[in-house]
Amino acid sequence: MNRTARSVLNHRTPYEKLYGQTPDISVMTQFQFWEPVLIHNHLVTFPSTSTKILVRFVGFSDSVGNAGCYKVYNEATGQTLSRALLFRLDERLYEKYEVEPYPSRPNGEPDDVPTELIKSRGNPEQGEPSPIPIGIEKMLNRTFLLRDETDGSRRRAQITAVVEEFEGQLDSNPQRVKFKAKIGGSNFEELIEYNDLMELIEEQKEFDDGTWRFRKILNHRAPKTKKEKWTVLIEWESGERSWEPIKEIYTGDKYMLAEYARDHDLIDKWDGPRMKIRAAAKNSKTLLRMIKQTKLKSFRTTPVYKNGHKVPRNHQQAMDLDRINDNTKWADAEKLEKNQLFEYETFDDHGHKSSSAAPSGYKKINLHFVYDVKHDGRFKARVVAGGHLTETPVESIYSGVVSLRGIRIVTFIAELNNLKVWQTDIGNAYLEAYTNEKVYVIAGPEFGELEGHIFVIRKALYGLKTSSVRWHERFSGVLRDMGFLPSFAEPDIWMRDMGDHYEYIATYVDDLTIASRNPQAIIDVL
């Protein structure tokens with residue numbers, strides 16, 4: 001009686017695959033394997049006062065009695081019995097029958113608490129990181145891809161509401177609620193369970209990193225009647241797949257359509273006065289260049305989805321998404337990033353461009369926001385400078401990083417010397433260092449009232465060509481002041497003599513691996 005989901009069955013249970021319906025597993029949550037329970041003793045004879053006997057729960061009787069029939073084992077007789085009614089032992093009965101309390105249910109723990117099979121490495125009480133689940137309140141407005149339809153197409157849906165089966169379910173049992181999802185651009189809505197929704201969101205992660213509007217043409221379909229038209233199966237960058245008329249695809253990207261027609265010997269069938277496929281596919285070099293230009297152009301406008309949320313390409317798209325979703329999540333993310341920039345005194349404000357001039361010898365560049373959605377639902381915005389507009393310095397511009405072999409050696413040494421190994425990173429690391437590049441920017445609309453102001457960049461802002469090496473120099477100075485020296489064999493492994501042992505810090509830009517008997521003391525200084 002297997003009720004466990006299998007990946008080979010598209011994460012469905014063998015029971016559902018066989019019978020076509022979702023099994024009810026509520027009965028399986030009542031008892032644990034080998035848990036001591038009581039059953040009625042049908043062989044009791046007068047004048048005995050005991051009507052129950054102690055047995056062990058071992059499973060379910062699928063072919064005996066009703067659907068809730070259990071299988072128990074009598075240790076006294078060695079028999080396996082089927083019973084529809086079991087009694088759980090309380091503290092008094094454990095003493096009466098002289099058995100140890102079942103370890104998976106400590107005193108006072110409710111019956112519906114699941115057994116923790118895999119323990120987290122993090123300890124929240126000690127401030128260590130622990131996984132952050134996706135909350136119900138964070139599911140609204142998320143988008144996800146539905147599973148393939150019979151014709152190979154795939155549509156995107158958006159969560160619009162939470163549906164409770166009974167009042168108070170959201171508080172008492174949130175993982176059993178359902179979600180109302182709007183399908184594509186239509187008004188059709190569908191109910192989806194929480195677990196199914198989590199699977200669909202996880203499956204679409206492979207489509208997060210997009211580079212153009214649609215990846216490729218997967219297939220084509222010839223018309224069966226005179227009224228029908230040639231269609232192609234398009235895989236869009238968002239992960240959706242749909243059948244589209246070749247006329248529509250030709251209007252949007254005739255060169256990619258011409259490439260597909262050439263590779264599948266369809267030029268003679270598709271070429272015509274309104275669709276000049278042959279001319280588009282004639283020059284292979286021109287065709288390749290045009291395809292690259294089309295991809296680059298579409299990269300700037302194509303929608304990108306990350307962890308179930310649409311990620312904007314620029315400030316205007318971010319504000320539009322806030323308006324559509326009726327929230328301020330992207331605006332709040334931008335505000336947090338700007339506050340940090342001003343807190344670190346990243347810019348020198350020289351006033352509005354209408355009344356002030358840029359300092360002599362400084363080059364004008366641009367900056368923009370880069371947006372992301374973390375796995376725990378946090379919205380992130382990062383200001384990045386247009387360092388590609390500056391000259392490449394003659395000196396090295398890269399920050400050294402520890403090798404994988406170096407990390408293994410530090411871990412090995414820590415194990416030999418009973419050192420604790422911690423890993424951490426330094427927030428806003430680059431902003432701790434100053435830049436020596438002479439550059440300035442004109443503040444855009446994302447800076448609100450400061451739009452149009454001349455900002456001279458003082459700190460090693462992300463995107464500048466020398467920011468990485470400036471941060472490396474800054475952090476190296478801090479480690480030397482703390483008494484650490486770089487290893488001769490691996491310069492990005494820093495060592496400090498503690499008398500009877502050494503402490504180690506392996507650096508990978510702003511990520512640190514610390515081996516010490518008291519790593520918290522090092523983090524406090526940093």
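Start with the aromatic rings: a search of the whole structure finds 21 aromatic pairs. Rings of Phe, Tyr and Trp (its six-membered ring) pair if their centres lie within 6.5 Å; planes under 30 degrees apart count as stacked, over 60 as edge-to-face and the rest as tilted. This is a predicted model, where local features need pLDDT of at least 70 and side-chain atom pairs count only at pLDDT 80 or more, while totals for chains, interfaces and linings use all residues. Residues are numbered from 1 along each chain as its sequence is written, and side-chain values use heavy atoms, with hydrogens and water left out.

**Stop 1: two ring pairs**

Select F31 and Y70. They form an edge-to-face pair, 5.4 Å centre to centre, with 85° between the planes. F31 lies in the loop between α1 (14-19) and β1 (36-40), and Y70 in strand β3 (residues 70-74), so the pair ties together parts that are 39 residues apart in sequence. Helices (H or I, at least four residues) and strands (E, at least two) are DSSP runs, numbered from the N terminus. Both F31 and Y70 are buried. Buried means under 20% relative accessible area, exposed over 50%, partly exposed in between (1.4 Å probe, protein chains only).

Next, pick F447 and F455. Their ring centres are 5.6 Å apart and their planes at 80°, so this pair is edge-to-face. F447 is buried, at 6% relative accessible area. F455 is buried too, at 1%.

**Stop 2: the nonpolar cores**

Which residues touch the most other members of the largest nonpolar core? Select F347, I457 and L461; the core has 25 residues. A nonpolar core is a set of buried Ala, Val, Leu, Ile, Met, Phe, Trp, Tyr and Cys residues joined through side-chain atoms within 4.5 Å. Colour the elements that give two or more residues to it: α9 (315-325), α10 (329-343), β17 (367-373), β18 (379-385), β20 (439-442) and β21 (453-457).

Apart from this core lies another, of 20 residues, among them I217, W236, I249 and W270.

Go back to I457. Leaving aside neighbours within four places in sequence, its contacts (heavy atoms within 4.5 Å) include T346, F347, I365, A385 and L464.

**Stop 3: a five-stranded sheet**

Show the open sheet with the order β19-β25-β24-β23-β22; its pairing is antiparallel. Two strands pair if DSSP finds at least two bridges between them. β19 (420-425) and β22 (485-486) stand at the edges, each with a single partner strand, so one side of each has no neighbour in the sheet.

Zoom in on β23 (residues 493-497) and β24 (residues 502-508). Five bridges join these antiparallel strands. W494 stands opposite I505 in β24.

Now select D511, in strand β25. D511 is partly exposed, at 37% relative accessibility. D511 and Q423 are 88 residues apart in sequence and 7.5 Å apart in space, C-alpha to C-alpha. Not counting residues up to four places away in sequence, D511 touches T424, D425 and A506.

**Stop 4: the helix against the sheet**

Select α12 (residues 467-481). Its buried residues include V469, W471, F475 and L479. The buried residues of α12 pack against β23, β24 and β25 (511-516). Just after the helix, G483 takes a positive phi of about 95°.

**Stop 5: salt bridges**

How many salt bridges does the structure hold? Twelve. Each is a side-chain nitrogen of Lys or Arg within 4 Å of a carboxyl oxygen of Asp or Glu.

Pick R517 and D500. Their closest N and O atoms are 3.1 Å apart. R517 sits in the loop between β25 and α13 (519-525), and D500 in the loop between β23 and β24, 17 residues apart. R517 is partly exposed, at 43%, and D500 is exposed, at 58%.

Move to D320 and R323, whose closest N and O atoms are 3.6 Å apart. Both lie in helix α9, three residues apart, about one turn of the helix.

Finish at D268, D271 and R278, which are linked in a network of salt bridges.
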